[in-house]
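This briefing concerns the nonpolar core and the salt bridges of one protein model. Please consult the sequence and the structure shown below while reading.

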Amino acid sequence: MLFYFDKIRPEVVIHAYDTGRKHRRGWLDVETLVDFAGVFVFGCLQMSASADAPEPWYLALLGFAEHFRTSSPPKIRLCVHCLQAVFQFKPPARVEARTHLQLGSVLYRHTKNSELAQTHLEKAWFLSQLISQFEDVKFEAASILSEFYCQQTLVDSAKPVLRKAIQISQQTPYWHCRLLFQLAQLHALEKDLVSACDLLGVGAEYARVMGSEYTRALFLLSQGMLLLVERKLGEVHPLLTLCGTIVESWQGHPIQKESLRVFFLVLQVTHYLDAGQVKCVKPCLKQLQQCIQTISTIQDDEILPANPAALFHWLPKEHMCVLVYLVTVMHSMQAGYLEKAQKYTDKALMQLEKLKMLDSSPILSTFQVMLLEHIIMCRLVTGHKATALQEISQVCQLCQQSPRLFTSHAAQLHTLLGLYCISVNCMDNAEAQFTAALQMTTHQELWTFIVTNLASVYIREGNRHQELYSLLERINPDHNFPVSSHCLRAAGFYIRGLLSFFQGRYNEAKRFLRETLKMSNAEDLNRLTACSLVLLGHIFFVLGNHRESNNMVVPAMQLASKIPDMSVQLWSSALLKDLNKACGNSMDAHEAARMHQNFSQQLLQDHIAACSLPEHNLITWTDGLPPVQLQPQNGPTTSLASLL
């Protein structure tokens, strides 16, 4: 799922970055800004005679507090002392409310004293509502207090604060839009996507009335994103069409226009990928890649829109670059271009490591987890199980650091462990992992993917007929398939073909596999194509049709080498060895035997290495948070028969 980000609050939120806030950074804002250096040089003696001018003591304490806050490392205790000292002077109401906000913000962001932070933020929100012409403090207090409540899992306390702030901020366009984004995000995190979409719709209409087509596009694109999550495709298509028209016709700062185009194209690409349409997505993906190249060449000029409702932008271009790498990896993985997927994953992870040194935004960890999830699947296919297992452990560590991340990725983590278990022939553990994953997800595509792989486990075990048929009824590709994904439906036909093959119903198997080939060829699903070809080749070999078998196995081997898919290469080389021996081609049979031996040795060594790692114990974890410490293995504990 894709999100906006807020520059002030470095966390995943649905609303956009605030470009205007950089002109209010720190605490010397419009009301208190004076020649601060002069104040200290002349010992706070040079003050304006205006009755509204800030008191010297206030500026001094504020300056010291800011100095301590921005020290390296920050001296938060001293900063807090300076701010608390303000109250000793019985300050005016505006200064008192602002200081409560500053104290609450510092305590919330830099300490564990949540009780005191809450007290100051609540006072700031209460006092600021009693003061006229005090919008910035009032609405920032509401925003930060709501954020604090959410962090403390007091969501029911956050909602009324945001609703009240939205109600009284309609004459303050920047804050009204920002608070709408924030409340929409809160509803989205609670999975109340209907309420979130309604709020984004309100925001889009408000932005239109305020004359900001740019912010209107941000609201509409966010709404489109949530509609995609809800699978309301009938509403998504006209909305994306409208967004495309707005984005192309809007004339503004180049980096803002290009960032809107990136957001729009990311939604289109992910929509195609969710539908398993790997071939259809290529033009959009190419546009997206060109767009991010354009953004990388645009100078980072100061963006100062005249319209306060437009003081937002989407992701920083460094984050957008990682996001484009991610969707490119997703496409390469589905299409079976695994070397390309690994190349872009390496680039993205390298950039993420650099960004995380300077930026604590949680979205970076989300990107990292999603990249690792895809590269783990690549490793399992290419025969690098030990590396995949270590990367699964890395995902576990990232999830341990963030409960939110674990909640949203626990099902995927168990699914990856299930796939690993299949690769090392631990079928009981694979079943347990997939069963755990099914209990943790409501996402239909993921559910279908898990069920398809669990069915393959039951087929390989050979004695789970009742459970297998129950699953197959729920993923029948001929009718009532649970999702619209082209790729998953093609996989559903393959599973049916595999079952028919093991049951000796070869004509039925050929029908299912030809349907798989037809669908996979239509969308360039190379791995499904390779698997279907080699299984068809095996069927023809069993039936004694060596010529037709060869016509299937040779392209399967070529495609598997291109992916590369180690298991299909092993299977194809074994078939080629037997085919050539049966046809009297001794030299070709010898070459195929040599290849088969090489693939067997590589897989065997990798199998032993993986099963000897302490991380191999993760296969027994099916409940709660992943284990923190793992005991080393004495050696492989699983059968190697399936590899040879």
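How many residues does the largest nonpolar core have, and which residues have the most contacts inside it? In this predicted model, the largest nonpolar core has 218 residues, and Leu 288 and Tyr 420 are those with the most contacts inside it.

- Leaving aside residues up to four places away in sequence, Leu 288 touches Val 262, Leu 265, Val 266, Val 269, Val 324 and Val 327.

- Glu 391 and Arg 379 meet through their side chains in a salt bridge, with an N to O distance of 2.8 Å.
- Because Glu 391 belongs to helix H17 (residues 385–401) and Arg 379 to helix H16, the pair ties together parts that are 12 residues apart in sequence.
- Glu 391 has a relative accessibility of 10% and therefore counts as buried, the cut-off being under 20%.
- Arg 379, at 14% relative accessibility, likewise counts as buried.

- Lys 385 forms a salt bridge with Asp 606, and their closest N and O atoms are 3.4 Å apart.
- This pair links distant parts of the chain, with Lys 385 in helix H17 and Asp 606 in helix H27 (residues 586–612), 221 residues apart.
- Lys 385 counts as buried at 2% relative accessibility.
- Asp 606 counts as buried at 11% relative accessibility.

- A salt bridge joins Asp 478 to Arg 511, the closest N and O atoms being 3.5 Å apart.
- Asp 478 is located in the loop between helix H21 (465–474) and helix H22 (486–502), while Arg 511 is in helix H23 (residues 506–522), so the pair ties together parts that are 33 residues apart in sequence.
- With a relative accessibility of 41%, Asp 478 counts as partly exposed.
- Arg 511 also counts as partly exposed, with a relative accessibility of 43%.

**Salt-bridge network**

- Salt bridges link Glu 431, Glu 461, Arg 464 and Glu 467 in a network.

How values were computed: Residues numbered from 1 in each chain as written. Predicted model: local features only at pLDDT ≥ 70, side-chain atom pairs only at ≥ 80, totals over all residues. Heavy atoms only, no water. Core = buried A, V, L, I, M, F, W, Y, C linked by side-chain atoms within 4.5 Å. Buried < 20%, exposed > 50% of the residue type's maximum accessible area, 1.4 Å probe, protein only. Contact = heavy atoms within 4.5 Å. Salt bridge = Lys/Arg side-chain N within 4 Å of Asp/Glu carboxyl O. Helix = DSSP H or I, 4+ residues; strand = E, 2+ residues; numbered from the N terminus.
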